[in-house]
Amino acid sequence: MSYNSINTRSRDESKGAQFRVSVVGLGYVGLPLAVGFDRAGHEVRGYDISQSTVDRLQRGVDPTKDVGDRPIQESDITFGTDPSLIDGADFVVVTVPTPITDENDPNLDFVEAAAETVGQHMTADTIVVLESTVFPGATREVFAPTIEKASGFTLGQEFSVGYSPERLVPGDDKHSLEKVVKIVSGYDDETLAELVKLYESIVDAGVHKAASLEVAEAAKCIENVQRDVNIALINELSVACDRLGIDSNAVLEAAGTKWNFHDYRPGLVGGHCIPVDPFFFIYQSKKNGFDPELIETARDVNEYMPKHVAKKTVKGLNQAGKVLKESRVLVLGLTYKPNVEDIRTSAIDGTIEHLEEYDIEVVGHDPYARDDALRGEFEIEVASELTFEEYDAVILGAGHDEYDEIDFEELTSELAGEPVVIDTEGAFEREARDFDVYYDRI
């Protein structure tokens with residue numbers, strides 16, 4: 001397959017454009033890519049099925065709050081819900097969600113739907129690259145065949161595919177798109193070479209050429225499997241130390257004085273990557289006859305932690321002499337991590353559910369997420385103003401920067417009766433030593 005036609009027809013000297021790039025999916029992954037390609041001088045079209053998302057982008061408003069309004073306003077990106085924006089693109093970059101089912105199996109419905117749309121609208125000599133997390137083999141076995149069926153084109157002759165896993169961390173400016181090495185893979189060497197050119201134009205940290213599509217797919221899963229396993233080890237140690245009456249964080253501080261000790265801390269594991277990606281690897285591994293028991297156990301440990309936080313809260317309320325059915329608990333920070341507004345797959349939801357099993361009233365507060373979204377997701381009362389009066393306990397979930405300004409003395413004095421504070425981030429640990437308060441962390 002020759003891609004000389006791509007290079008020729010994509011040149012637009014009047015605009016300085018190098019390639020025509022269509023980005024399918026304009027969320028936390030797709031939007032930064034679209035802005036990056038635009039800054040590099042490419043002609044960029046952004047396609048999304050959400051009219052509300054596109055309306056905000058056309059007004060110059062960043063719906064993710066991660067890129068910022070100004071880069072969108074200063075860009076030449078064409079945003080729309082019309083799939084004809086895919087027509088004539090040299091590269092189509094697909095960045096749609098890949099959730100898991102209730103049985104923890106990969107759900108590739110969005111990937112297949114996007115592939116079908118791309119196939120119906122792309123022209124010959126297009127390279128379609130998938131950035132969504134998938135199990136090893138999915139690009140070749142699911143994504144490409146769906147495009148073939150929808151387009152009538154043949155892979156390797158009239159179009160090609162690549163896989164380049166996203167590595168963005170929302171809210172983390174130190175590891176933005178251009179600062180993190182990009183893994184790139186292609187159906188063949190020619191495709192890989194073209195994709196390297198494309199991604200090198202936006203990633204200052206450089207590009208890593210993966211040996212195959214499957215290597216790149218597996219690498220994405222393993223990145224988060226490793227983190228999941230390491231966090232699970234520390235979480236399990238935390239629970240064990242708690243049963244032994246030992247301060248696990250003091251243990252970690254002592255152990256951390258050795259030069260080769262890895263610095264992980266116990267905590268809730270939420271988001272769209274660490275709690276999800278291991279299941280993609282588990283699924284494909286089991287299909288091929290091997291049960292990755294360590295990876296599965298790590299998931300079990302981390303999924304237990306929300307219940308562990310709830311148990312600590314119940315223990316604190318009991319020791320403070322509170323009647324559980326009459327207790328009100330304020331949860332600070334409901335998003336899946338600090339300083340982002342995304343509440344999907346937030347682990348604190350499990351803590352809330354376990355507290356409600358004791359008929360404890362739970363109220364939430366979060367300065368990042370919208371109150372109506374919080375009510376819909378967690379089905380609890382949401383406090384618009386931050387006050388600690390008429391609450392029996394406080395749980396710090398996501399440690400947003402705004403909570404650093406909390407006066408701990410004011411917090412403890414306003415709580416009813418003996419104050420109870422459960423801290424999943426360790427943000428109040430130092431202050432708690434100076435006050436008569438039931439304080440615990442994980």
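Which helix does Arg299 lie in? Arg299 is part of helix 11, which covers residues 293-319. The model is predicted. The protein counts 15 helices and 14 strands. Its radius of gyration is 24 Å, close to the 22 Å from the globule rule for 442 residues, so the protein is as compact as a globular protein of that length.

**Overall build**

- Along the principal axes, the C-alpha atoms of the protein fill a box of roughly 75 × 50 × 40 Å.
- Of the 442 residues in the protein, 53% are buried.
- The accessible surface of the protein is about 20100 Å². Carbon and sulfur atoms account for 46% of that surface.
- Take the contacts between residues at least 6 apart in sequence: 71% of them join residues at least 24 apart.

- Is Arg299 buried or exposed? Arg299 has a relative accessible area of 2%, so it is buried, the cut-off being under 20%.
- Leaving aside residues up to four places away in sequence, Arg299 touches Asp228, Val269, Ile274, Pro275, Pro278 and Phe279.

**Gly88 in a loop**

- Gly88 sits in the loop that runs between strand 3 (78-80) and strand 4 (91-94).
- The relative accessible area of Gly88 is 19%. Buried means under 20%, so Gly88 counts as buried.
- Gly88 and Glu303 are 215 residues apart along the chain. Their C-alpha atoms are separated by 45 Å.

**Helix 5 against helix 6**

- Helix 5 spans residues 109-121, and helix 6 spans residues 138-151.
- How do these two helices pack, and at what angle? Helix 5 and helix 6 pack at about 35°, with their axes 7 Å apart.
- The crossing of helix 5 and helix 6 is right-handed.
- Helix 5 brings Val111, Glu112, Ala115, Glu116, Gly119 and Gln120 to the contact.
- Helix 6 brings Val142, Phe143, Thr146, Ile147, Ala150 and Ser151.
- By class, the contact of helix 5 with helix 6 holds six nonpolar, four polar and two charged residues.

Conventions:
Residues numbered from 1 in each chain as written. Predicted model: local features only at pLDDT ≥ 70, side-chain atom pairs only at ≥ 80, totals over all residues. Heavy atoms only, no water. Axes fitted to C-alpha atoms, helices over the stretch in contact; angles between N-to-C directions. Helix = DSSP H or I, 4+ residues; strand = E, 2+ residues; numbered from the N terminus. Left-handed = near helix turned anticlockwise from the far one by under 90°. Contact = heavy atoms within 4.5 Å. Nonpolar A, V, L, I, M, F, W, Y, C, P; charged D, E, K, R; others polar. Rg over C-alpha atoms; globule rule 2.2 N^0.38 Å. Buried < 20%, exposed > 50% of the residue type's maximum accessible area, 1.4 Å probe, protein only. Areas by Shrake-Rupley, 256 points an atom, 1.4 Å probe, with all protein chains shown as cover.
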